[in-house]
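Colleague: Please take me through this model feature by feature, with the general idea before each case.

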Amino acid sequence: GVLVWTNTSLFDALRSTLHRIYELKRTRGLLASLMHDIGFIVTAFVIFLATNFAIWIYTLITPWVMNVPSLRPYVEAGYTRVVPTMIIILLTAVMFYIVYRHITDQKPPADAALISTFTTTILWVISGRVFAVYIADWSIIGKIYGPYAFFLVMLFWIYFSSLLFVFGGIVGQVYWERQKMKAAGTLKRWV
């Protein structure tokens, strides 16, 4: 019960943020929003399970693929590292698209949601890699904070991810505004 309530609060905060970014008005009542958020909790859980299932199947299949002589060159070329990363990036992009496109009361245009998704996914993956390298190689946070370092790192990553999410939404909103101005004939050259 507490976990569901916490998650519905998180999705409500995401919806409020996207309403402000996309300049949309709230049209759902409290109960409808609560049911919508529970649907998102189920969707997020299904995507989480799909990600884990895909990685599990891939891990299960990889040793068998190594025994097939015609597929061995692909394994040796490093495709076994690329495929799981691509699966995770694809499912992350799907998750971002669902949130950008469907969490608000009124749907923003699909192309604005795609621009937001693309921006956020690329920045999130790159920053995740940079953050991992920083934590692994240069951070002394574990020496300073000891066992509490994990919580500090996790809180920082959640905060930074939320900034990336908002930035991606703003990029999609700017694209949407430009499209509206172009359609109205009021778009002037910037340069």
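Colleague: Which residues line the second largest pocket?

Modeller: First the conventions: this is a predicted model, where local features need pLDDT of at least 70, side-chain atom pairs count only at pLDDT 80 or more, and totals for chains, interfaces and linings use all residues. Residues are numbered from 1 along each chain as its sequence is written, and side-chain values use heavy atoms, with hydrogens and water left out. On a 1 Å grid over the protein atoms alone, a pocket is an open set of points where a 1.4 Å probe fits, with protein on both sides within 12 Å along at least five of seven lines; lining residues have an atom within 4 Å of a point. Here the lining consists of Trp 5, Thr 8, Ser 9, Asp 12, Arg 15, Arg 26, Leu 30, Ser 33, Leu 34 and Asp 37. H1 and H2 are the elements that each give two or more residues to this lining. Helices are DSSP runs (H or I, at least four residues), numbered from the N terminus.

Colleague: How many residues of that lining come from H1?

Modeller: H1 supplies five residues, the largest share of the lining of the second largest pocket. For the classes, Ala, Val, Leu, Ile, Met, Phe, Trp, Tyr, Cys and Pro are nonpolar, Asp, Glu, Lys and Arg are charged, and the others, Gly among them, are polar. By that scheme the lining of the second largest pocket has four charged, three polar and three nonpolar residues. The space in the second largest pocket is about 160 Å³, where a volume is the space filled by probe spheres set on the points, and grid points are joined across faces, edges and corners.

Colleague: Is Ser 33 buried or exposed?

Modeller: The scale is relative accessible area with a 1.4 Å probe, protein chains only: buried is under 20%, exposed is over 50%, and partly exposed is in between. Ser 33 is at 7% relative accessibility and so counts as buried. Ser 33 sits in helix H2. A contact is a pair of heavy atoms within 4.5 Å. Setting aside neighbours within four places in sequence, Ser 33 is in contact with Arg 15, Arg 26 and Arg 28. Ser 33 and Ile 103 are 70 residues apart in sequence, while their C-alpha atoms are 9.5 Å apart in space.

Colleague: How much space lies in the largest pocket?

Modeller: The largest pocket holds about 1300 Å³ of space. It is lined by 34 residues, and those closest to its centre are Thr 92, Met 95, Phe 96, Trp 124 and Ser 161. Helices H1 (2-22), H2 (30-66), H4 (79-102), H5 and H7 (149-184) are the elements that each give two or more residues to this lining. The largest share, 10 residues, comes from H4. The lining of the largest pocket divides into 24 nonpolar, nine polar and one charged.

Colleague: What does the side chain of Ser 127 reach?

Modeller: A polar contact is a pair of N or O atoms within 3.5 Å; within protein, one must be able to donate a hydrogen and the other to accept it, and residues adjacent in sequence count only if both atoms are side-chain atoms. The side chain of Ser 127 reaches the backbone oxygen of Trp 124 at 3.1 Å. Ser 127 belongs to helix H5 (residues 110-138) and is buried, because its relative accessible area is 12%. Apart from neighbours within four places in sequence, Ser 127 is in contact with Trp 157, Phe 160 and Leu 164.

Colleague: Where is Thr 121 found?

Modeller: Thr 121 is also in helix H5. Thr 121 counts as buried, since its relative accessibility is 4%. Beyond four places in sequence, Thr 121 is in contact with Ile 89, Ala 93 and Phe 96.

Colleague: How many residues does the largest nonpolar core have?

Modeller: In soluble globular proteins, nonpolar side chains tend to be buried together. A nonpolar core is a set of buried Ala, Val, Leu, Ile, Met, Phe, Trp, Tyr and Cys residues joined through side-chain atoms within 4.5 Å. The largest one has 16 residues, and Leu 18, Tyr 22, Tyr 100, Ile 103 and Phe 165 have the most contacts inside it. H1, H2, H4, H5 and H7 each give two or more residues to this core. The largest share, five residues, comes from H1. Outside four places in sequence, Phe 165 is in contact with Leu 14, Leu 18, Phe 96, Val 99, Tyr 100 and Thr 120.

Colleague: Why does Glu 23 count as exposed?

Modeller: Glu 23 counts as exposed because its relative accessibility is 59%. Glu 23 is in the loop between H1 and H2, and has a positive phi of about 55 degrees although it is not a glycine.
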